[in-house]
Amino acid sequence: MTMFDGTHRREEGYDPAMTAGSAFELRQRDATLIRAVADGDRAAARSLIDTHLSALIAHVERLTRDRAEAEDIAQESFLRLWRIAGSWTPRAKARTWLTTVASRLAIDRLRRASRWSDAEVPEVEDMRPSPEAQADAREVGQAVEEAITALPDRQRAAFALVHIDGLSGRDAAESLGVSEEALESLLARARRSLRARLAEYRMEERPS
Amino acid sequence: MIAGPMTIDRFRRLAEAYGSDLSRWPVETQAAAQDLRELDGQARAILAAEAELDALVALRPQPAAAPGILVSKLLDAVPNGRSRSVLAWLAELWPGEARWPAPAFLSLALAIGILAGGNLPWNPLLGTSSAQAQTQISTQSGDEDLLGSALALGPSSEDIVE
């Protein structure tokens with residue numbers, strides 16, 4: 001059994017140390033950059049791209065399971081941000097805005113292509129054989145990503161929005177067009193499925 | 001969010017959905033959840049169990065770098081520098097948590113227009129006084145239009161307040 005103490009955690013999106021004050025500062029910083037983009041500042045645009053683009057593509061890829069489509073949707077989301085940059089006010093974080101727009105675009109496309117299921121899929125425990133006990137963090141990380149990808153559509157989207165991209169429950173529910181109660185149910189089922197699939201990798205009890 | 005007092009059952013349901021980090025939980029539940037965590041060992045055990053999954057999820061691979069050609073396309077699409085709205089300019093002049101309801105600005109513009117243009121002559125081309133015409137033009141080209149356009153493009157920052 002490999003032990004993981006969480007120290008490998010890195011920030012793809014959600015910042016566990018973020019306080020209300022720093023969230024405010026983040027909105028102000030985003031607003032400054034977006035206003036600069038509206039003024040034609042390519043360096044500000046580059047900063048926003050460097051901060052958000054790769055994570056946004058990863059988020060959409062989790063929804064679509066298609067890298068090229070994810071890049072296309074991420075591009076469209078940024079282009080929409082450029083278009084409204086002139087009317088941006090510091091009430092939203094760029095990350096939240098981009099993730100919400102990209103999620104809606106992705107789900108719309110998937111629905112049109114009949115690739116998005118609103119149906120509830122029964123939770124199925126993974127019956128694969130246990131991994132080697134000495135699997136390293138990279139292998140475990142890949143197993144985690146595969147387990148997330150294997151979730152049913154709505155559970156996967158809900159989990160990604162809240163637990164990877166750091167949206168609030170309210171924003172995630174709005175992005176998916178569901179109630180907060182429904183979102184809570186989706187999240188709980190997603191986490192149960194992940195826990196079952198990743199049972200072999202659970203870390204051992206640590207003293208608190 | 002399901003309303004109600006913070007019982008241990010409610011605490012468990014929230015933990016099973018939002019994980020071990022209380023700062024991810026709905027804001028309105030966080031204070032009560034923190035109190036229960038301090039007082040109840042069962043609550044702490046629930047969080048510890050969820051923390052295992054959170055630690056595993058944190059190990060997922062870093063997202064692959066975005067392709068350079070996509071970055072170039074986005075940089076080439078940066079606006080030409082004349083796209084900021086009155087609302088955005090005013091928001092910058094008064095930074096902070098202030099809300100900037102468009103109707104307040106439109107009302108202000110209307111009041112200024114009436115005060116400044118009350119004695120101006122009738123404008124036969126517009127069928128109204130110059131001041132009234134100017135107010136109408138200002139309203140039609142103001143932030144409501146920009147936000148309306150943004151809604152067609154996607155949510156404006158006003159719609160997403162996180």
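**Reading helix packing**

Analyst: This is a predicted model. In it, helix 1 of chain B packs against helix 3 (residues 41-57) of chain B at an angle of about 10°, and their axes are 10 Å apart.

User: Are helix 1 and helix 3 of chain B roughly parallel or roughly antiparallel, and why?

Analyst: Angles under 35 degrees count as roughly parallel. Helix 1 and helix 3 of chain B are therefore roughly parallel to each other.

User: Which residues make the contact?

Analyst: Helix 1 of chain B contributes Ile8(B), Phe11(B), Arg12(B) and Ala15(B), while helix 3 of chain B contributes Gln42(B), Ala43(B), Ile46(B), Leu47(B) and Glu50(B). Sorted by class, the contact has six nonpolar, one polar and two charged residues. As a general idea, an α-helix has 3.6 residues a turn, so residues three or four places apart point the same way.

User: Is helix 7 of chain A mostly covered or mostly uncovered?

Analyst: Helix 7 (residues 169-176) of chain A is mostly covered, with six of its eight residues buried. Among them are Asp171(A), Ala172(A) and Glu174(A).

User: What do the buried residues of helix 7 of chain A pack against?

Analyst: They pack against helix 4 (94-112), helix 6 (153-164) and helix 8 (180-197) of chain A, together with helix 1 (8-18) of chain B. Just after helix 7 of chain A, Gly177(A) takes a positive phi of about 70°.

User: How many residues are in the largest nonpolar core?

Analyst: That core has 76 residues, and Val37(A) and Ala158(A) have the most contacts inside it. Its largest share, ten residues, comes from helix 2 (residues 42-64) of chain A. Beyond its neighbours within four places in sequence, Ala158(A) is in contact with residues including Ala172(A), Leu176(A) and Leu183(A).

Terms used. Residues are numbered from 1 along each chain as its sequence is written. Chains are lettered from A and ligands numbered from 1 in the order in which they are written. This is a predicted model: local features need pLDDT of at least 70, side-chain atom pairs count only at pLDDT 80 or more; totals for chains, interfaces and linings use all residues. A residue is buried if 20 or more other C-beta atoms lie within 10 Å of its own, exposed if 12 or fewer, and partly exposed in between; C-beta atoms are placed from the backbone. Helices (H or I, at least four residues) and strands (E, at least two) are DSSP runs, numbered from the N terminus. Two residues are in contact if their C-beta atoms, placed from the backbone, lie within 7 Å. A nonpolar core is a set of buried Ala, Val, Leu, Ile, Met, Phe, Trp, Tyr and Cys residues joined through C-beta atoms within 7 Å. Axes are lines fitted to C-alpha atoms, for helices over the stretch in contact, and angles run from 0 to 180 degrees between N-to-C directions. Angles under 35 degrees count as roughly parallel, over 145 as roughly antiparallel, 65 to 115 as roughly perpendicular and the rest as oblique. Ala, Val, Leu, Ile, Met, Phe, Trp, Tyr, Cys and Pro count as nonpolar, Asp, Glu, Lys and Arg as charged, and the others, Gly among them, as polar.
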